[in-house]
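Have the viewer open while you read.

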Amino acid sequence: MKLMNERSYSDPAAAARKLIELAKSIEAVQDGRIHIEKINAPFLSKLKATGPEFGAGITHAIEKGWLELHESGTYVRLLSPGDNLMS
């Protein structure tokens, strides 16, 4: 039987926290917008996360009120509760 290590971002809350951390490190453009690819690329390539982990993290962050996703899906906006991720 082959045992697999649990993935770092398989928990949506952990993925959401990392996405918020990445978003905070990026200088927002017009009106607080952060292009989605600015957080998507490092999350997938540098952190070796998966697409479903990214999707679950974004969804969790939106549900928690940490991020706002534009209806087009091209950018996100950090919301103030993102400062209190441990609460």
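## Sheet and core

S2 and strand S3 (residues 75–78) run antiparallel and are joined by three bridges. Within that pairing, Leu67 sits opposite Leu78 in S3. Bear in mind that this is a predicted model.

Zooming out, the sheet is an open one of three strands, ordered S1-S3-S2 with antiparallel pairing. From one strand to the next, the twist averages 35°.

H2 packs on this sheet and touches S1, S2 and S3. The direction of H2 makes about 45° with that of S1.

Now for the nonpolar side of things. The largest nonpolar core has 18 residues, and Ile39, Phe43, Phe54 and Ile58 are the ones that touch the most other members.

| Element | Residues |
|---|---|
| helix H1 | 12–24 |
| helix H2 | 36–46 |
| helix H3 | 51–64 |

H1 supplies the largest share of the core, with six residues.

Which residues does Ile39 touch, leaving out those up to four places away in sequence? The list is Leu19, Leu22, Ala23, Ile26, Ile34, Phe54, Ile58 and Val76. Two of these contacts, Phe54 and Ile58, are also among the core residues that touch the most other members.

Methods: Residues numbered from 1 in each chain as written. Predicted model: local features only at pLDDT ≥ 70, side-chain atom pairs only at ≥ 80, totals over all residues. Heavy atoms only, no water. Core = buried A, V, L, I, M, F, W, Y, C linked by side-chain atoms within 4.5 Å. Buried < 20%, exposed > 50% of the residue type's maximum accessible area, 1.4 Å probe, protein only. Helix = DSSP H or I, 4+ residues; strand = E, 2+ residues; numbered from the N terminus. Contact = heavy atoms within 4.5 Å. Pairing = 2+ DSSP bridges. Axes fitted to C-alpha atoms, helices over the stretch in contact; angles between N-to-C directions.
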